[in-house]
Amino acid sequence: MTTSETRPAFTALSADDADNQLTEIESLCMNCYAKGHTRLLLTRIPFYKDVILSSFECDSCHFKNNDIQPAQSVEPLGIIINVHVTQPGDLNRQFVKSGYGTIRIKELDFEQEPYSTNGVLTTIEGFFDSIVENINKTIKQIEESLEDLKKNSTDDSQSSISEFEQQKSKLDDFIKRVESLKTLSQPFHFEIDDPSGNSCIENPKAPYRDEQMTTKKYRRTVKQNESLGINEEENATGTGSTEAKSETQNAESITDEILTFQTNCPYCDSPCDTNMKVTQIPYFKEVIIMATACDACGHKSNEVKSGTGIAPEGVRYTLSMNDATDLSRDILVSETSSFAIPELDFEISSSRSIGGKFTTLEGIFTTLKDELANVIMPFSGGDSHDPNSDQNRMKSFIDTLKAILAGEEFVTVVLDDPAGSCYLQNTCAPEPDPQLTVEHYKRSEEQDELLGISDMKVENYETS
């Protein structure tokens, strides 16, 4: 009797993993129309997401093409990532750009439009090299055209020759400007704007904050949604009112029962059940708890969402830990909240790894420690990096987390949520807690836009 082990379709990159499946298929070369070979690798980039790496090579004409595509759905929000390049080490930053992303370099007045290239996984220096390589190919084509025109020179061809020479001169000047930035003759800004949200740039200081990099998420425009194939039209057939009445009638029964619905496992994509329960957190609000367990691969996950919508104001909790018992405080980290430890210069914004969790402070620190200890540092490999530096930085951070969990070190925890859906337990409730500061604040315009509040029409919404 033979047994087969169920393993995730997407696994972390590892040279020691002999079981990593590299799929090779025969495909048509679009350069010479002969038969070539395409290699596919389904893998997971730590701190990022699942991706599909593809590599095509033709044995007949030796044409090669590489591509990277996200294996997950389009993100709810677009993303703009801007890096201020000031030192040679910044040129070694690796980045992932999807086919929907736009690359901008303000100092060059340069912009690479989406759809002009496939998904890219390279470094900033490698991107500059590809620019120079592509421009040199164009210059070579211009030189060949000039040679043909000069061989068959006529009065009519003189204007074309002059035009080609001007183009060649402008391209040569642009290459000099690119080479000048490569030598860091001046600092510059490297920016990726991706409406699909499926791009990222390496943070060499991970898990600490990178002061040279700024990340901004935004709501897509209608045109951007159309380019991504997202249809925003709502089906107003009149069934909505019937469903609303049914939901109102069953509202009380929902809070008293566990609902189950079918879904697919995020790891092995096998069918599994998700259980959902509405519950009340004392001195806070109503929340929805969802738990998923896969019988095929054994993966388990849970998630907590607010059941009362967006609060009128944002909320910020600041806890000064001074005893090991603080680790037992309940905490709700929503998907829109940020979790920071100022003493460690550490912050996670809108985290997928710890967002949507209702646990204790000990559970949050344990989750951070386990995730950082079990994954490979993203982009830490390669000839352009010092692996010892990355490993020592990560080891020092994990050791600090272990000291916090052991009650040997105390830090300040800041939990900030512009949607007002996060929670940190007050152990003195209903009296004030001297260690805990709760601050309610008015959201900024950027935060309202990120949460979609700016686009909400709350008056005369039934009229066009």
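In the predicted model described here, helix α1 (124-151) supplies 8 residues to the lining of the second largest pocket, the largest share of that lining. The space within this pocket amounts to about 910 Å³. Its lining comprises 30 residues, of which N65, N66, G119, V120 and S130 lie closest to the pocket centre. Besides α1, the elements that give two or more residues to the lining are the strands β3, β4 (50-57), β5 (64-70), β9 (110-112) and β10 (120-123).

D129, located in α1, pairs with K182 of helix α2 (residues 157-182), so that the contact ties together parts that are 53 residues apart in sequence. The closest N and O atoms of K182 and D129 are 2.5 Å apart. The two partners fall into separate accessibility classes: K182 counts as buried because its relative accessibility is 19%, under the limit of 20%, whereas D129, with a relative accessible area of 34%, is partly exposed.

In total, 21 salt bridges are found in the whole structure. Side chains of opposite charge can pair when their charged atoms come close. One of the pairs is formed by the side chains of R93 and D210, with an N to O distance of 2.6 Å. R93 belongs to the loop between β6 (78-85) and β7 (94-97), and D210 to the loop between β12 (200-201) and β13 (213-218); the pair therefore ties together parts that are 117 residues apart in sequence. Both R93 and D210 are buried. A further salt bridge joins R443 and D448, in which the closest N and O atoms are 2.9 Å apart. R443 is assigned to the buried class, since its relative accessibility is 12%. Salt bridges also link R104, E111, E191 and D193 in a network.

The cysteines were examined next. A disulfide is a covalent bond between the sulfur atoms of two cysteines. With a cut-off of 2.5 Å between sulfur atoms, the count of disulfides in the model is 0. C32 is accordingly in no disulfide, its nearest cysteine sulfur being that of C61 at 3.6 Å. C32 is partly exposed, at 32% relative accessibility. C265 is buried, as its relative accessible area is 2%.

On the surface, L28, M30 and Y33 form a nonpolar patch, which together presents about 380 Å² of accessible area. M30 is placed in the loop between β2 (22-28) and β3 (35-44). With a relative accessibility of 59%, M30 counts as exposed because this value is over the 50% limit. By contrast, L319 in strand β18 (residues 314-320) is buried, with a relative accessible area of 0%. L319 and V414 are 95 residues apart in sequence, yet their C-alpha atoms are 6.5 Å apart in space.

The peptide bond that joins A429 and P430 is cis, with omega about 5 degrees. P430 lies in the loop between β24 (423-424) and β25 (436-441). D109 is not a glycine but has a positive phi of about 55 degrees. The position of D109 is in the loop between β8 (102-105) and β9, and its side is open to solvent-sized probes to the extent that D109 counts as exposed, with a relative accessible area of 72%. A positive phi, near 55 degrees, also occurs at L184, a residue other than glycine. L184 is located in the loop between α2 and β11 (188-194).

Notes: Residues are numbered from 1 along each chain as its sequence is written. This is a predicted model: local features need pLDDT of at least 70, side-chain atom pairs count only at pLDDT 80 or more; totals for chains, interfaces and linings use all residues. Side-chain values use heavy atoms; hydrogens and water are left out. Patches are made of residues with over 30% relative accessible area and no salt bridge: like charges are joined within 9 Å, nonpolar side chains (Val, Leu, Ile, Met, Phe, Trp, Tyr) within 5 Å. Accessible areas come from the Shrake-Rupley method with a 1.4 Å probe; for residues, only the protein chains shown count as cover. A salt bridge is a side-chain nitrogen of Lys or Arg within 4 Å of a carboxyl oxygen of Asp or Glu. Helices (H or I, at least four residues) and strands (E, at least two) are DSSP runs, numbered from the N terminus. Buried means under 20% relative accessible area, exposed over 50%, partly exposed in between (1.4 Å probe, protein chains only). On a 1 Å grid over the protein atoms alone, a cavity is a set of points where a 1.4 Å probe fits but cannot get out, and a pocket is an open set with protein on both sides within 12 Å along at least five of seven lines; lining residues have an atom within 4 Å of a point. Grid points are joined across faces, edges and corners, and a volume is the space filled by probe spheres set on the points.
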